[in-house]
Amino acid sequence: MTKAAASPVPQRISLADVARATGAALGRFDGAEVARALGRFEASHVGSEAHPTIADISECLFFSPGDGRIWLQDQRMVLLHAEALGSLRRELIDSLGQEKARGLFTRAGYVSGARDAQLVRTHWPEAEPAAAAMAGTRLHALEGVVKVELVHARYDPETSDYEGEFIWHHSSEDDEHIAAYGIGGSPACWMQVGYATGYVSTLFGRLVVFREVACRSMGESHCRVIGKSAERWDDVEEDMRYLRARDFVGSPQNGGSAPQAAQLPAAQRKNDAMVGASAAFNAACHLLHRVAPTTATVLFTGESGVGKEKFASMLHSISARRDKPFVAVNCAAIPETLIESELFGVERGAYTGAGASRPGRFERAHGGTLFLDEIGTLSYAAQGKLLRTLQECEVERVGGTRSIRVDTRVIAATNVDLRQAVREGRFRDDLFFRLNVFPIHLPPLRERRDDVPLLMSHFLQHYGRKHARQVSGFTQAAVKALLNYDYPGNIRELQNLIERAVIIAPEGSLLEVHHLFTSGEPLDKNVLSVRSDGRLAGTGDPLPSQAGPASRAMPDHEGPGSLGQVEETLIRRALTQSGGNLSAAARALGITRPQLAYRARKRGITS
């Protein structure tokens, strides 16, 4: 199954409806028997009945045959012939080679796993970490990819450390790979490894890498996979290169950068790595790779904090101009009266205080690259001079009488809509078209949430080294908060949140929510959860210094006025008013049907 973004549609048919219809047609069993069978399968093949169970997850799958759509909760799905996917796999391997094809499928699997982890986090927010992790195996089975058998799994909430071993049966990837190429010497479950890495990394908010150590494509009777926190692998770089669309993307573990970027200063290679695996991030990296060998002008667009200067710097480092200067200038930071002299230079005596001739940024970047950030803030007069420079490849210093030839590649960036600025008369249309030769849009972090766990791991390692602080990871409440936050400041804000937390948190501890969000950031209330004592867990927890005797003496049982008792009363009332209809009761309470079913079972409420 593959996925695509879409909007909700009516008239959905659930998996239970399909089961009931099939049972009626065959005259053998009804929907209730199917549900019981699903429960037995889970108990005997997966492990415990911890929620979300396979029955819970199955309730999230909807069919809408009238308009040709299938949904896994709010994610659109596609029912695809495995043989068709196998045909695509063969063509990619034959045309691109096995290494590149493996990377494509690994990254596609990572995105799928990250999406499923977000679904589990959203609809079963109170699920224990172990149960939430097992939900990924159930989703993978439901999606027709593979049957997963748990060998062992361990997650330590005190250190945020993970280790797991699984056996994969009936892998659809193996079936198609063996049919095309027979038995070989390397594992072939590339999408499944990517899925497991994306799912568990997104679930726990730290990089967890899975590796297939045995595979049916190698002649084994079944596939065996091991997953561990990235730092526990000795040679994780070998696994990570399949998650990177291009070599210049750094590893979240060591901040390393590409062979093509080897000319960068060592400090920049270590601390300024580009990190990501989402589809949006990879698309931008592909465009960067295509335009780098040329001399075309590039225009980066996107909100403030998305990493435009980082992309511009990397574009220079992988181009033929890498040995020449890279000069960056923030047009918004230079007063309007000085912008021309800064860009084009100034001759001695051009104005009071100009005691010596001075080259401008274009001359200083001769043979290399000039990055013009916030170019939309240039005055109309400066825009005209910039246009002439781009057209004629020469500058004239302020107060000068001669033209100076320059060979400078221009990269521009803006966080405003230049087309709208042109319509409003604030930006020259001829300059816009001169700059917009090769536009690359960098999406905001809220649209590339698959990268958040990788960035979290990267910044945690980086700032731990920078400030000589030992921190173990993130608590589950902190992971929920970071994955649900909207990041109005984008990557720069995430970077600041984690640096702040690394400094504040006690040595050797996990980062808590109150270490991260200390400046009034608006948090989604969904990151809160209800503990067994009826109190809110997460951002509502008091700081240790604020926890007085009353809070320490909170009883473990739920009293008549506790939050848990209030929740139970609300659920019973909604079910009574809806005549036991779970969907109607869920709508009345403003939650999803699976969430209501989970809460009702947790409190022993039957409809």
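The model is predicted: local features need pLDDT of at least 70, side-chain atom pairs count only at pLDDT 80 or more, and totals for chains, interfaces and linings use all residues. Residues are numbered from 1 along each chain as its sequence is written, and side-chain values use heavy atoms, without hydrogens and water. Helices (H or I, at least four residues) and strands (E, at least two) are DSSP runs, numbered from the N terminus.

**The sheet**
- Four strands form an open sheet in the order S6-S7-S9-S8, with antiparallel pairing; two strands pair if DSSP finds at least two bridges between them.
- S6 (147-156) and S8 (208-214) each have a single partner strand, so one side of each lacks a neighbour in the sheet.
- From one strand to the next, the twist averages 15 degrees.
- S6 and S7 (residues 161-169) pair over nine bridges.
- Histidine 152 stands opposite glutamate 165 in S7.
- Helix H8 (residues 190-204) packs on the sheet and touches S6, S7 and S8. Its direction makes about 150 degrees with that of S8.

**The helix pair**
- Helix H18 (residues 452-466) and helix H20 (residues 490-504) pack at about 45 degrees, with their axes 9 Å apart. Axes are lines fitted to C-alpha atoms, for helices over the stretch in contact, and angles run from 0 to 180 degrees between N-to-C directions.
- H18 and H20 are therefore oblique to each other (under 35 degrees is roughly parallel, over 145 roughly antiparallel, 65 to 115 roughly perpendicular, the rest oblique).
- The contact (heavy atoms within 4.5 Å) includes Leu455 and Phe459 of H18 and Leu494 and Ile498 of H20.
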